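Here is a short briefing for a reader meeting this structure for the first time, grouped by topic.

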Amino acid sequence: MAGKLMRAVQYFSYGGGTAALKQVEVPVPSASKGEVLVKVEATTLNPIDWKLQKGALRPFMPKKFPYIPAIEVAGGVVEVGPGVENFKPGDKVIAALDVGTGGGLAEYCVAKADVTVIRPAEVSAAEGACLPGAGLTAHGALTSAGLKFDGSGPQKNILVTAASGGVGHLAVQLAKLGNTHVTATCGARNLDLVRSLGADEVLDYKTPEGAALKSPSGKKYDAVIQCAPPVPWSVFEPNLSPTGKVIELSPGASTMWTFAVQKLTMSKKKLVPYFNSVKAENLVFLAELVKQGKLKVVTDCKHPLSDAGAAWAKCIDGHATGKIVVEP
């Protein structure tokens with residue numbers, strides 16, 4: 001496809017928010033060794049996208065400007081690079097993109113073949129595009145909490161905060177595949193939704209009980225999947241079991257400091273920073289759950305690429321129910 005142009009959304013420097021996003025035409029990229037070129041059918045936005053723009057990982061990421069954001073996509077393979085033998089043009093796939101180089105907000109993108117998987121016919125592009133970022137984060141956080149998704153092992157009491165959000169709504173459902181009692185927090189308008197996803201107890205985070213994260217049945221949490229904005233350790237600590245963990249999905253400086261102090265003092269209760277890692281076999285597992293109807297992807301809204309700014313603003317606002325999808 002050498003010489004062909006595609007529509008894309010870019011920003012050219014740190015900062016600027018929605019206003020800094022530019023609709024552009026740029027050359028279609030080519031698949032290099034170990035890569036596939038994908039015609040994007042759907043991509044989704046995550047908090048990491050706008051945080052990168054704001055400079056959260058400055059000066060390391062993005063690796064260069066201009067930058068095309070979004071890191072989880074679903075679409076069809078157009079061409080394969082040298083050394084790629086497990087995909088062919090026409091395959092429907094789900095792919096995770098490198099955070100440093102991005103590429104999702106475009107008509108085409110390149111993805112590493114080893115973090116690309118076949119999308120089952122029963123899984124829509126919009127559903128598939130929600131799995132590499134949010135789905136794998138939920139899966140990885142629960143795995144690090146010691147959960148087994150086959151229901152084996154002793155029962156664990158799990159708290160999922162911001163349980164109606166992109167990661168949270170998937171974490172609730174994945175947790176219930178294990179031997180768990182799940183308490184969840186969300187806004188009042190989403191209480192029924194989160195119950196329908198399987199949560200055993202649901203708290204409105206704006207009530208005193210919800211702000212204190214106290215289980216209505218008095219349970220102490222073996223693990224907290226912390227999807228919400230920062231919460232002081234002093235709020236978590238009294239609600240944890242003797243060896244309870246808080247898995248912090250957006251670790252900042254205070255998280256790292258608390259983690260270090262707990263290491264030094266050998267605290268049995270722990271605040272653990274979580275960093276997502278992409279493994280193809282886990283992506284296959286999640287896609288199969290969606291195919292089987294065991295994992296439901298909730299979509300807050302869908303926007304065309306030409307209206308990506310509205311999707312970006314919604315993501316920054318932070319109150320989406322489920323995932324924000326952009327379809328070229």
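T185 stands opposite L203 in β10, where strands are DSSP runs of E with at least two residues, helices are runs of H or I with at least four residues, and both are numbered from the N terminus. This is a predicted model, in which local features need pLDDT of at least 70 and side-chain atom pairs count only at pLDDT 80 or more, while totals for chains, interfaces and linings use all residues. Residues are numbered from 1 along each chain as its sequence is written, and side-chain values use heavy atoms, with hydrogens and water left out.

**The sheet**
- Strand β9 (residues 180–186) pairs with β10 in the parallel sense over four bridges, pairing being counted if DSSP finds at least two bridges between two strands.
- The open sheet has six strands in the order β10-β9-β8-β11-β12-β13, with parallel pairing.
- Its edge strands, β10 (201–204) and β13 (270–273), each pair on one side only.

**Helices across the sheet**
- Helix α3 (residues 131–144) lies across β8 (156–160), β11 (221–226) and β12 (240–248), contact meaning heavy atoms within 4.5 Å.
- Helix α3 runs at about 155 degrees to β12, with axes fitted to C-alpha atoms, for helices over the stretch in contact, and angles from 0 to 180 degrees between N-to-C directions.
- Helix α4 (residues 168–177) lies across β8, β9 and β11, and runs at about 165 degrees to β9.

**Cysteines**
- The count of disulfides, pairs of cysteine sulfur atoms within 2.5 Å, comes to zero.
- The sulfur of C109 is too far for a bond because the closest cysteine sulfur, in C130, is 15 Å away.
- C186 is in no disulfide either, as the nearest cysteine sulfur, that of C227, is 12 Å away.
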